[in-house]
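Reader: Could you walk me through reading charged and aromatic side chains in a model like this one?

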Amino acid sequence: KGQVVANIWASDPSWCVEASFDGGKALEMERFECYDPAAQEMYKSTEGFDHSYIYPSPADHFYRIALPEGARKVTVTAKDRFGKCYTQTLTIEK
């Protein structure tokens, strides 16, 4: 709550991940570790799985930044170690 979180698969500490709000200045996002909510949902029951030992574990491919008051759009840009950029813009719903 109160944060923008980017889930960037295959990222590593050498990536540069930034967010800008409403076309403003790009700000560095903080890399952090947490449980992937999608994995938690997917593996909440191992019934029907071939392997019962599969379970969610903490992942370090998440980035966060505080959501400024009144922000309407966020653009996240991730640049990998080779200089390739990935960008996504989302409208913030209140």
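Author: Let's start with D80, which sits in the loop between strand 6 (73–79) and strand 7 (85–91). Helices (H or I, at least four residues) and strands (E, at least two) are DSSP runs, numbered from the N terminus. This is a predicted model, in which local features need pLDDT of at least 70 and side-chain atom pairs count only at pLDDT 80 or more, while totals for chains, interfaces and linings use all residues. Residues are numbered from 1 along each chain as its sequence is written, and side-chain values use heavy atoms, with hydrogens and water left out.

Reader: What does the side chain of D80 reach?

Author: It reaches the backbone nitrogen of F82 at 2.9 Å. Leaving aside neighbours within four places in sequence, D80 is in contact (heavy atoms within 4.5 Å) with W15 and Y86.

Reader: How many aromatic pairs are there in the whole structure?

Author: A pair of aromatic rings is described by the distance of the centres and the angle of the planes. Rings of Phe, Tyr and Trp (its six-membered ring) pair if their centres lie within 6.5 Å; planes under 30 degrees apart count as stacked, over 60 as edge-to-face and the rest as tilted. The search finds 2 such pairs. W15 and Y86 are stacked, at 5.9 Å centre to centre with 10° between the planes. W15 lies in the loop between strand 1 (3–7) and strand 2 (16–21) and Y86 in strand 7, so the pair ties together parts that are 71 residues apart in sequence. W15 is buried at 15% relative accessible area, whereas Y86 is partly exposed at 38%.

F32 and F62 form a tilted pair, 6.0 Å centre to centre and 45° between the planes. This pair links strand 4 (residues 30–35), which holds F32, to strand 5 (residues 58–66), which holds F62, 30 residues apart. F32 is buried at 14% relative accessibility, and F62 is buried at 3%.

Reader: Which charged end sits over the ring of F32?

Author: That is R64, 4.1 Å from the ring centre. The criterion is NZ of Lys or CZ of Arg within 6 Å of the ring centre and within 35 degrees of the ring normal.

Reader: How many salt bridges does the structure hold?

Author: There are 3. R64 meets E30 at 2.9 Å, N to O, linking strand 5 with strand 4 across 34 residues. D60 and R31 meet at 3.1 Å, N to O, with D60 in strand 5 and R31 in strand 4, 29 residues apart.

D12 and R81 form a salt bridge at 2.7 Å, N to O. D12 lies in the loop between strand 1 and strand 2 and R81 in the loop between strand 6 and strand 7, so the pair ties together parts 69 residues apart in sequence.

Note on methods
A polar contact is a pair of N or O atoms within 3.5 Å; within protein, one must be able to donate a hydrogen and the other to accept it, and residues adjacent in sequence count only if both atoms are side-chain atoms. Buried means under 20% relative accessible area, exposed over 50%, partly exposed in between (1.4 Å probe, protein chains only). A salt bridge is a side-chain nitrogen of Lys or Arg within 4 Å of a carboxyl oxygen of Asp or Glu.
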